[in-house]
Structures are given as C-alpha cells and as structure tokens.
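I opened this notebook to record what I looked up in one structure.

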2 protein chains.
Amino acid sequence: LDEQQANLFKEEYLKLHIFEQAQIFTSLNQNQRARVYRYLTSKEVGDMFNAFEGPAEDVVEYFKEMPTKYVGEVIYEMYTDNAVDILAYAEPQDLAKYLLYVPEKEANEIRQLLHYDNKTAGAIMSTEYMTISSDQTVKNALHAVKKEALDAETIYYIYVISDSNKLEGVLTLRYLLTNEDETCINKIMSTPVMSVSVNDKQEEVAQIIRDYNFLALPVTNDKGELLGIINVDDVIDVIDEESAEDYSHLAGVDVEDKRSKPLQAAFNRLPWTFGLLFLSLLTVIVMYAYRYMIVKETTPVIFIVMVMGVAGNAGTQSLAVAMRRLSDKEDTYTFLRLIMGELIAGVVVGIFAGIIFAIFTGQWLHNYVLGIALGIAMILSILIANLLGCVVPWILDHLRIDFSGIPGTLIAILSNFFSILIYFGIIQVFFKLFKM
Amino acid sequence: LDEQQANLFKEEYLKLHIFEQAQIFTSLNQNQRARVYRYLTSKEVGDMFNAFEGPAEDVVEYFKEMPTKYVGEVIYEMYTDNAVDILAYAEPQDLAKYLLYVPEKEANEIRQLLHYDNKTAGAIMSTEYMTISSDQTVKNALHAVKKEALDAETIYYIYVISDSNKLEGVLTLRYLLTNEDETCINKIMSTPVMSVSVNDKQEEVAQIIRDYNFLALPVTNDKGELLGIINVDDVIDVIDEESAEDYSHLAGVDVEDKRSKPLQAAFNRLPWTFGLLFLSLLTVIVMYAYRYMIVKETTPVIFIVMVMGVAGNAGTQSLAVAMRRLSDKEDTYTFLRLIMGELIAGVVVGIFAGIIFAIFTGQWLHNYVLGIALGIAMILSILIANLLGCVVPWILDHLRIDFSGIPGTLIAILSNFFSILIYFGIIQVFFKLFKM
C-alpha cells in the first residue's frame, strides 16, 4: 500500500470480488485503512462493506476512523439492510452525525428500520426493491427494471402495488420476459402473494424461503402495505446463526464468540459453571446420606460412575432430539409420540446396557444376584434420563418460559442425581431382601 | 378426493404452490395417491416433486406405485438435480426401467450425475442452465433467455462457453438488461469466473455461495469444461444438513433420524452406549484401586461427583468451540491460539470454581487445608478437561483420521477419568504431608 502506487493499488483492489476486498481490508492496520479511505470512493467502500461478513462492531470502529461526511456517503451507497445491521451497533450521537450526510429519504428509512426488534423480519429486510402498478404493461415494467437494475438489491422479483402501497401481486423477471410487450401486468401477475409480517421472527422467514425455494420474500405491515423484502442471502446467514445457537445451547457455551478476548470469554462461562456446581450439590447430599453404605459396600458402590456416565449420555441424546423437534414447531401429538419413542429407546438401550452391566458386575463381585440388581438400576437410570431429556424442554416450552436452550450437561447432572438415588435405593432394598 | 370432483380437485390443487402440493401429497394414503397420479399430468407431478422436502426414499416408494412410463415422464419433467437426489435411492433394476422412458440425452445426464460421490459438488449440481458463446450480442442472449426462461432452473446467470464447452465468462441477467442490444458478449462478460470442481465437497460450495452472496455457482471438471451449476436453494439445504450433523455429533445421536421406527432408532444408539460403558470402566478401575481411601475418607471422596460434573461440562464446552473452529477450516496458528484461549478459560473458570469449592468443602468438613487441596483438584480437573476438549479433535483432524465428530459425552467421560486420578492423587499426597 505504497503512496506512489495508489492508482495501481486501486485498480488491482477493485478487480477483486467485494467479498475478497472485505477480507483483505480486515487484515489491514489503521494506517493502511486510512489510505484505503483516501484512495477509494465512498461508493467503492460502501460496496465492499456490503460483503463484510465479520462482526458489525468492527465496521462501527472503522466508521470512527473516517471523516463523518465520508461515512454518510458510504452509508448511502450501502444496501439499507446491511447499513442498518451495522448502525444498530453505533452510538446514538455518532448515528445522528452520520445521518446528517445521508439524503433525507434514505436517512428516514434507516431510522425506521433501526426501530424493528432484533431478529424480526423488519430487522433483516431491505428497502431496495422494484415496484410497479398493476395497470402498466410488460414493456413499461421491463423499462423500469432496466433503469433500476444497478441500484436495486434484487431485480428478479417485481412487486405489484396499489396507489396506497398495498401489495397486490408479484412477477418474476423470468415470467416478465416470456410475455408480450403489450400485455397488462394485472393479467400476468401472481396473486395472492406470499408475504411475512414485519414482526415475524427471522427463523420463520428463513423456513418459508427455504421450503418454497424463493429468492426473496416481501414484508408487509398489518394493513398489507409493502415495507421491504428479505433476500435469500440474508436468510442463509440467519439459518447459520440459528444453527450455531442451537449448537451453543447444547454445549452450554457461545461457540460463535470469536470477538471476546480470552479472559472475557472465560468470564462468560462462569455463571453457568457455578449453576452446575450448586446443582451437583444435590448429588453430593444424596451420597452423603448414604455414606454408611459406601463404607460397607465399597466395591458395588464404585460401579455407580458407569451408571452415571451412560445415563448422562442417554439424557443428552434425548435432549438433542427433543430440542430439534421443538424448534421445528411440531404439535403436541407429534411430541407425545417423540416421548414414547424416547421411552422405547430408553427401555431397549437400558435392557442391553443393563444385561452387560449385570454380567460384568456379577463376574467381578462374584455375586450374580447383586449383579442383576445393579443391572436393573442401570435400566431405570437410562429410562429416567431419557424421560428428563425430552420432558424438561417440553415443559419449559409449554409454560412459555423464555428459555434459550438447555445444555446437555444440565440434563446429565439431573440424571446423575436420579441415578444415584435409584442405585443406592436398589442396593439398600436388595441387601435387606437377601440379607447379604 | 372424490372421483366426481376430479376436475375441481385438479384446479384447486394446482392453484397451490408446489411446496404446499407436496405437503398435502405426503399426507395422502395409497388410494388417494393413485388418484392424484390419474388426475394430474406427469409435468404437474414432476413440478410437485421438485418442491418435495421429505426423505428421497419416500418418493422412490411413490414411483413404485406409478406405471413405469409415467415415472419416466415425471423424471423427465423434474430438474435433473432433484431427480438424481431421488434416483440415488432407487434400486438399479427400477432405475434402468424408468430411464427407458426418459429421452436419451436426459437419461445419460442422469446416469452421469448418479456417479458423483455423495456430498460433492457433482452430486448436488443441476444441468439446467443457460449458455451462450462470447461472439454473440446482447440481443441474441436476451432472445435465448426468453426462449429457455420456462425450462432452465435459473436464468439469472448466463454462462459464456467456448466451442469446446470451456467456461469463459459469466453474465448476470441484470447486467445483460442494462447493456445495449448490439454490444458483443465478450465485451461485457465477467471473467475469470469463480467456479468449483465437480469433486469439491458440498460444504465448500456452500461456504463460497454464502460468502459471495451468489445465486448460483458453476461446476467444472479438470479441463475447465462446464458440467453444471449449483443453485442457492440447494445450498440452503446443505447448510441445514451440515449443521444438523454437527449438532448430532455433539449429542452422540442422529437428531434428523425421523424415518427409523422407534425400535430401530433405539438400536442405532446401542454401539455408542456400549463404547461409553466400557470407557467408563477406566474410571471404575481407578476408583477400585483407591477403594481403601474411599472407606477411610468417605466424606471428602463424596465431593468428587461435583468435580466430575463441572469438569465434564468444561470439557464439552471446549469441544464445542474446537469442533466449530475445525469445521471452519482455520489454520494451525489460529488453532493454537484457540487452545491457549481454552487454557486461559480453564484457569479462570478453574480458579473461581476451585475457590468456591474450597470454601464449601472446608466449611462442611471443618478442615480448610483439605478444602484447599480439593479446590486445587477442581482447578486441575477443569484445566485438563478443557485441554482434552480441544486437543482430542485437533489430533484426530491432523492425523487425517476420518472422524465424523466427537460427542460431548466422550470428552466428559475421559475428563472424569483424569478428574478422579487427580482427586485421589491430591488427597493422598495431602494426607501424607499433613498426616491427617
């Protein structure tokens, strides 16, 4: 990035795809970035930020390095949905300053979009789309498409609106091209149009676009007025985000947290760790209550770690299956069938694991009757773990408690508690019955 | 679905979006399906199967219910990539019969596509795309687009190929529309074109389409010849599939397995359960070796379940972070930084958990020196669990062992083993030192 080679740099840089420009940009230091702002126009920088995949907070920092007017121009050049994603992280006074340099109409659109709740259709929609009224002809429509082709984020769907901005129909560019020039739009438009409400959750939007293989989906308000569109590329990011969240919940840690400094990331794990620490106290208390048995029957008691490990695993498996089904928004009947399925799995896995465990402990302890007792404890523990794994998330979901997901370890520790109760209980009953 | 109302049914059914048709179709019984085949043309059924989201095996079953000739026609009407997804599950003799009724050219394309390895670009690509040669004009290109608009799966990218089918450039329909009719294609086409090789993994394709916000990506062979394109809607399915796989691996169970009967699903979990059962034997053996200490110092030993629970959780967290980074294909340097980060997290979480644990056990056992010893055991256990969580997948990845993912429970059980070793070791040293 030599000063003398500014033109050469500019030429080479702009030859790259904007995604690659953004990747290179991320690796520059502050001095180098300052030169990029000097060499490139606001349009070129705005295009590049459209393809920026990193954290929005970083772009907010870059904005602080630029002259305010330049920032305004960059924002104007970006697609509104991308600009809004970034400006959501800007401080209010900075935002106000930047928007002074954005034309009134676009500035108002951005202010409007910033009001929508995070993770709703409104928050991810774009306001660059093509509209036409139903009384026009194919020729007019094609003319409009050609004019807006370089500005609109997508030109492959053209939305038909009434005078009051109500969404009336939709036309694909593909379909437009196959009709005669003089055909009237209202003869060929598709209607009714599938659309989402501005307050719908982003994962619902993603599901529709995925199921119907749309390239974009219009967003309307209660009155049916067209407010924006959601493009398939934004939806891909949503799907990836949601799946990373599910994964994070199961593990009890935010796996996408690349930004935090290691120390910060470590502190983020503390609350959950302490929660587990106190939960596992339950298990300690049960063991303490049975400590006389641990002293008397040390060897059979030792095998409890095997029961705990296997039951904890069974619980995590059931949890994962249940969480996945719940996020698919299936009905109660289907979910009851799932619980039945998990119980059947618990019985089958339990019986097999129980038999092996019984043979094994019987062989080791030279006491097959005790072995069978321990095997039964294994079966019951697995069954209870499976039940916990699917019933706990289901109950939370039905109580409409806003839980963001249950980590596998929580179910494992709960099932450990029950495993230990069952195990000691069975040993106790058994020793009484057989006077061993 | 009354016979008399055949026409009414047909009319209403075809008004629905093909995704909705497919959903209704799935809920029909065999008799009702037979009527659908009778009432609808092969084109209508083929369109519907293009939007079918359920398991391909189901469609194979439906094919068996239809006359063979009708199946051939349905296959011909479907987009090749979708037809191939389904035919991959058909039995060879059925496949041969169906293809007799598909025109020679398309049948050969399908045979060709069926040869590509599962989960490669070749297996998900479509052969319906638009091509043009570079010496043509914008006018010719638009004419070709209009002609193929209803058949091609996407018309929004037009690929420029040489006489020998080499991929030379690409044009978006958007860009085509903004140029004058007489402009020559080679003046305005984008070149070089980003493409993937037919043997590239589907997740790499998904990553490129996601990063660059493409609607489609061309697939070429070693010679640079264009073989097909991959559309963004196929990529969305890949992203969802891959994330479900990651999730399944962490939980040690196939969460997408909706097809298997409950009993089959239960049996699928057996091998992994038995593996864990035997692995946890390691822990039992350590405990057995220390059984004299369990008898002598029962109360301090009981607290080991807290250490095991918290360390198991820490290991699972590290594993989840590590697996996610590995699947992002980051380099060794980044991964070493990740390991450092996890060790820092281990130290921080360990120290906090250790202090609380030390105070707690000290208070309960009325012995703060012992409490501190147990706290140190907690710190070391968490540290080792974090190390295991990121080093185990990294080593497997670097040994190029084809592991499909490591379940959290495996790391938990391994870290249990080390926790118990550390815990007993520390208690032992401590009792010797302080002669308690």
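Domains. I looked up the spacing within chain A and found the C-alpha centres of domain 1 and domain 3 of chain A 52 Å apart. Chain A is split into domain 1 (3-115), domain 2 (130-239) and domain 3 (263-434), with bounds that come from an automatic or database domain assignment.

Basis. This is a predicted model, in which local features need pLDDT of at least 70, side-chain atom pairs count only at pLDDT 80 or more, and totals for chains, interfaces and linings use all residues. Residues are numbered from 1 along each chain as its sequence is written, chains are lettered from A and ligands numbered from 1 in the order in which they are written, and side-chain values use heavy atoms, with hydrogens and water left out.

Interface area. I noted about 9800 Å² buried between chain A and chain B, 70% of it on carbon and sulfur atoms; buried area is the accessible area (1.4 Å probe) that two parts lose on being put together, summed over both. A:Arg174, A:Tyr247 and A:Arg324 supply 8% of the area that chain A buries against chain B, more than any other three residues.

Contact. With contact taken as heavy atoms within 4.5 Å, I list 101 residues from chain A and 101 residues from chain B.

Salt bridges. I count six salt bridges between chain A and chain B, each a side-chain nitrogen of Lys or Arg within 4 Å of a carboxyl oxygen of Asp or Glu. One of them joins A:Asp240 to B:Arg210, with the closest N and O atoms 2.8 Å apart.
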